Amino acid sequence: DLAARPAGSVTSGPPVREVGQPLDIAHGRLVGDQPASAEIAERPPLAPPGPKDEYDLAVASLRAGKYEEAEKSLSAFLTKNAKSKLAPAATFNLGESYFLRGRHREAAEKYLEISTKYAESTQAPEALLRLGQSLSAMGAKEQACASYSEINAKYPRATSRIRDAAQRESKKIQC
């Protein structure tokens with residue numbers, strides 16, 4: 001309510017100026033007032049994105065179908081965060097970005113890396129499945145069959161979704 005405020009006071013909105021007081025038109029403030037940037041300077045700076053943020057952005061690119069962007073982001077993430085607990089998932093998703101574009105040799109390399117370097121990770125059983133699919137797509141039937149059979153041998157507690165998919169893939173290529 002304007003009537004309740006003392007003359008010249010402002011709670012928000014454009015600056016109120018007294019008659020004859022110059023207005024800094026270029027910056028939308030009264031001449032002599034503190035610039036708006038002084039208020040911003042008092043706020044703490046935003047923290048730089050952490051590894052989890054970088055990983056999430058890369059995965060968002062992958063889900064959006066921006067495979068090249070995802071590959072660059074995931075590769076950069078892995079270079080900077082090779083020992084991160086997210087490294088197995090980032091490696092798997094890098095393999096996915098290759099697989100989804102039909103780059104099966106590169107995908108197979110990433111899936112194989114998971115089964116050797118991160119064999120205890122939660123991604124390992126699915127990586128073996130995807131390794132088999134990549135090998136099959138490359139015409140390496142024997143190696144694909146070995147990959148599928150290794151899932152039950154190496155990961156007997158793998159989810160039924162992964163075990164069933166491996167069985168379907170095995171039948172499909174007549175292992």
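Ser 115 is in contact (heavy atoms within 4.5 Å) with Leu 128 and Lys 154, leaving aside its neighbours within four places in sequence. Ser 115 is found in helix α5, residues 104-117. At 7% relative accessibility, Ser 115 counts as buried. Buried means under 20% relative accessible area, exposed over 50%, and partly exposed in between, with a 1.4 Å probe and protein chains only.

This is a predicted model, in which local features need pLDDT of at least 70 and side-chain atom pairs count only at pLDDT 80 or more, while totals for chains, interfaces and linings use all residues. Residues are numbered from 1 along each chain as its sequence is written, and side-chain values use heavy atoms, with hydrogens and water left out.

**Overall make-up**

- The protein has 8 helices and 2 strands. Helices (H or I, at least four residues) and strands (E, at least two) are DSSP runs, numbered from the N terminus.
- Along the sequence, the pattern reads β-β-α-α-α-α-α-α-α-α.
- Of the 175 residues, 37% count as buried.
- Among contacts between residues at least 6 apart in sequence, 44% join residues at least 24 apart.

- Two packed helices are described by the angle between their axes and the distance between the axes.
- Axes are lines fitted to C-alpha atoms, for helices over the stretch in contact; angles run from 0 to 180 degrees between N-to-C directions.
- Helix α2 (residues 51-63) and helix α3 (residues 67-80) pack at an angle of about 155°, with their axes 7 Å apart.
- α2 and α3 are therefore roughly antiparallel to each other. Angles over 145 degrees count as roughly antiparallel, under 35 as roughly parallel, 65 to 115 as roughly perpendicular and the rest as oblique.
- The crossing of α2 and α3 is left-handed. Left-handed means that the near helix is turned anticlockwise from the far one by less than a right angle; clockwise is right-handed.
- On α2, the contact is made by Pro 51, Glu 54, Tyr 55, Ala 58, Ser 61 and Leu 62. On α3, Tyr 67, Glu 69, Ala 70, Ser 73, Leu 74, Phe 77 and Lys 80 take part.
- The residues of this contact divide into 8 nonpolar, 2 polar and 3 charged. Ala, Val, Leu, Ile, Met, Phe, Trp, Tyr, Cys and Pro count as nonpolar, Asp, Glu, Lys and Arg as charged, and the others, Gly among them, as polar.

**Helix α6 against helix α8**

- The axes of helix α6 (residues 124-137) and helix α8 (residues 160-172) come within 10 Å and cross at roughly 15°.
- That makes α6 roughly parallel to α8.
- α6 passes α8 in a left-handed crossing.
- Pro 125, Glu 126, Leu 129 and Gln 133 of α6 meet Arg 161, Ile 162, Ala 165, Ala 166 and Glu 169 of α8.
- By class, the contact of α6 with α8 has 5 nonpolar, 1 polar and 3 charged residues.

- Helix α4 (residues 87-99) has 13 residues and reaches 18 Å from its first C-alpha to its last. That is close to the 18 Å expected at 1.5 Å a residue, where the span is 1.5 Å times one less than the number of residues.
- 13 of the 13 residues of α4 are buried, so α4 is largely enclosed by the rest of the structure.
- Leu 86 lies in the loop between α3 and α4. At 16% relative accessibility, Leu 86 counts as buried.
- Leaving aside neighbours within four places in sequence, Leu 86 is in contact with Pro 51, Lys 52, Tyr 55 and Phe 77.
- The C-alpha atoms of Leu 86 and Lys 52 are separated by 7.7 Å, although the two are 34 residues apart along the chain.

**After α8**

- Gln 174 is found in the segment after α8.
- Gln 174 is not a glycine, yet has a positive phi of about 55°.
- Gln 174 is exposed, with a relative accessible area of 63%.
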